[in-house]
Amino acid sequence: MLLENSQIRLRALEPEDLELLYQWENNSELWIYGSTVSPYSKLALRQYINDSLEMDIYQSKQLRLMIDIVGENTTIGTVDLYDINMRNKNAGIGILIDEAYRNRKYASQALELMREYAFNFLKLHQLYAYIGVNNKPSLKLFENIGYSPVGILKDWIQLMDDNYEDVLVIQLINSQINE
């Protein structure tokens, strides 16, 4: 089944996800991994959820799916396609797993399900991610499922102490899957 395996399911955002999104999006320790620079209000997140229900992927150029454990009523994270470019058939990909559920293979499974969806259903040619060079767990995660480093962006992320961190650009090209 598309977007599901025996352990996890990827599903659309629901209004009931507001509290979890509020918690994750407002965790300032995670802000350096994205482009967030201030907290999100519940109103803004509620509008984001509503927009995601009404706007399709071709309009918004993004897709956020929630990660649920099959057979439980437990949401453990999100996986995103962003900057979806249908002309060039590529998209960025990102993932967040709640700290309580990390190191259990859920992230790699969610990324694999999203890869299958992106390549086989959306017919994208490649996925890419930007990962800080010091984010060893994320680098290992993506490399273990076939992503390859293709470049470094110098001083790309400003850290809390006003220093900068390089970012590794990694990608997975659809044709690499069957090689």
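A polar contact is taken here as a pair of N or O atoms within 3.5 Å, where, within protein, one must be able to donate a hydrogen and the other to accept it. In this predicted model, the side chain of R11 makes such a contact with the side chain of D17, at 2.7 Å. R11 itself sits in strand β1, which covers residues 8–12. With a relative accessibility of 18%, R11 counts as buried, because the cut-off for that class is under 20%. Beyond the neighbours within four places in sequence, the residues in contact with R11 are D17, L65, M66, D68 and T75.

Helix α1 (residues 18–25) packs with helix α2 (residues 42–54) at an angle of about 120°, and their axes are 10 Å apart. The two helices are therefore oblique to each other, since angles of 65 to 115 degrees would count as roughly perpendicular and those over 145 as roughly antiparallel. The crossing of α1 past α2 is right-handed. On the α1 side, L18, E19, L21, Y22 and E25 make the contact, while α2 contributes K42, L45, R46 and I49.

Leaving aside neighbours within four places in sequence, I145 is in contact with S108, L111 and E112. The C-alpha atom of I145 is separated by 34 Å from that of A44, a residue 101 residues apart from I145 along the chain.

How values were computed. Residues numbered from 1 in each chain as written. Predicted model: local features only at pLDDT ≥ 70, side-chain atom pairs only at ≥ 80, totals over all residues. Heavy atoms only, no water. Helix = DSSP H or I, 4+ residues; strand = E, 2+ residues; numbered from the N terminus. Buried < 20%, exposed > 50% of the residue type's maximum accessible area, 1.4 Å probe, protein only. Contact = heavy atoms within 4.5 Å. Axes fitted to C-alpha atoms, helices over the stretch in contact; angles between N-to-C directions. Parallel < 35°, antiparallel > 145°, perpendicular 65-115°, else oblique. Left-handed = near helix turned anticlockwise from the far one by under 90°.
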